[in-house]
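Let's take a look at a few ring and side-chain contacts in this one. Have the viewer open and follow along.

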Amino acid sequence: MTTPLYDDIADWYEEYASETSSVYMDRIRSVLAGLLGEGPGRCLDLCCGTGAHAAELRRLGWTPVGVDLSGGQLRHARSRLPVARADATALPLATGAVPAAVCVLAHTDMPDYPAALAEAARVLAPGGRLVHVGVHPCYVGAFADRSEPERIVIDGGYASREHTLRSWNSVGVRARVGAWHLPLADLLNAVAAAGLVVTRVVESGSGPVPDVLALEATKPH
């Protein structure tokens, strides 16, 4: 099982997600809602963290259930949705158990996101949908200097897939827990390798260069 990185900063992240970055999180939830659409049915919140998006899933008519590795994060999440502590690559769910799954702002926390996608595809029912909402793999990462909002400076680190604490933002999440980078081609190939079919892609940003890439993928019948 992967060592949980968020246990030591769980209380800080709870405040960060609900207050410090509330405008950003509202935009994230808008993107999520646009791709996921309305329920009903159970929706797996993969790497749910503190459960910051559970209320939005319920607003859409879904019944959220969460899985995360961090006990510290789940301490906050338990008041928001039913949760289980588990690795994303070994979900405690039966094959075909849920009609929908979401992974929101979590793929850079996993050393093997392709394996997590394959596991998410396993627990999806035929015809089920996965919504991925994550930092943009081309414009957000240790390789991207975003200190000037009108332009992003990309360096050769884009090719690196190693975990790193390097970040242009010294007070954000990544400076505390680091990130694994997954280049765009690797992300899309992982979705396809999981047996899912991409049906929609969305880019979002507060400025001219997007900082979020989201996609909807379906599991064939």
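## A charge over a ring

Start with arginine 176, which sits over the face of tryptophan 12, 3.9 Å from the ring centre. Keep in mind that this is a predicted model.

## The aromatic cluster

Tryptophan 12 also belongs to a cluster: ring pairs tie Tyr6, Trp12, Tyr13 and Tyr16 together. The structure has four aromatic pairs. One of them joins tyrosine 6 and tyrosine 13, an edge-to-face arrangement with 5.6 Å from centre to centre and 85° between the planes. Tyrosine 6 and tyrosine 13 are buried.

Then there's tyrosine 13 with tyrosine 16. Their ring centres are 6.0 Å apart and the planes meet at 40°, so this pair counts as tilted; the tilted class is what remains between under 30 degrees for stacked and over 60 for edge-to-face. Tyrosine 13 and tyrosine 16 lie about one helical turn from each other, because they are three residues apart in helix α1 (residues 10-20). Tyrosine 16 is buried, as is tyrosine 13.

## Around histidine 53

Now for a loop: histidine 53 is in the stretch between β1 (42-46) and α3 (54-59). Is histidine 53 buried or exposed? Its relative accessible area is 7%, so histidine 53 is buried, given that buried means under 20%.

What does the side chain of histidine 53 make a polar contact with? The partner is the side chain of arginine 29, at 3.3 Å. Leaving out residues up to four places away in sequence, histidine 53 touches Met25, Ile28, Arg29, Leu32 and Val104.

Methods. Residues are numbered from 1 along each chain as its sequence is written. This is a predicted model: local features need pLDDT of at least 70, side-chain atom pairs count only at pLDDT 80 or more; totals for chains, interfaces and linings use all residues. Side-chain values use heavy atoms; hydrogens and water are left out. Rings of Phe, Tyr and Trp (its six-membered ring) pair if their centres lie within 6.5 Å; planes under 30 degrees apart count as stacked, over 60 as edge-to-face and the rest as tilted. Buried means under 20% relative accessible area, exposed over 50%, partly exposed in between (1.4 Å probe, protein chains only). Helices (H or I, at least four residues) and strands (E, at least two) are DSSP runs, numbered from the N terminus. A charge sits over a ring if NZ of Lys or CZ of Arg is within 6 Å of the ring centre and within 35 degrees of the ring normal. A polar contact is a pair of N or O atoms within 3.5 Å; within protein, one must be able to donate a hydrogen and the other to accept it, and residues adjacent in sequence count only if both atoms are side-chain atoms. Contact means heavy atoms within 4.5 Å.
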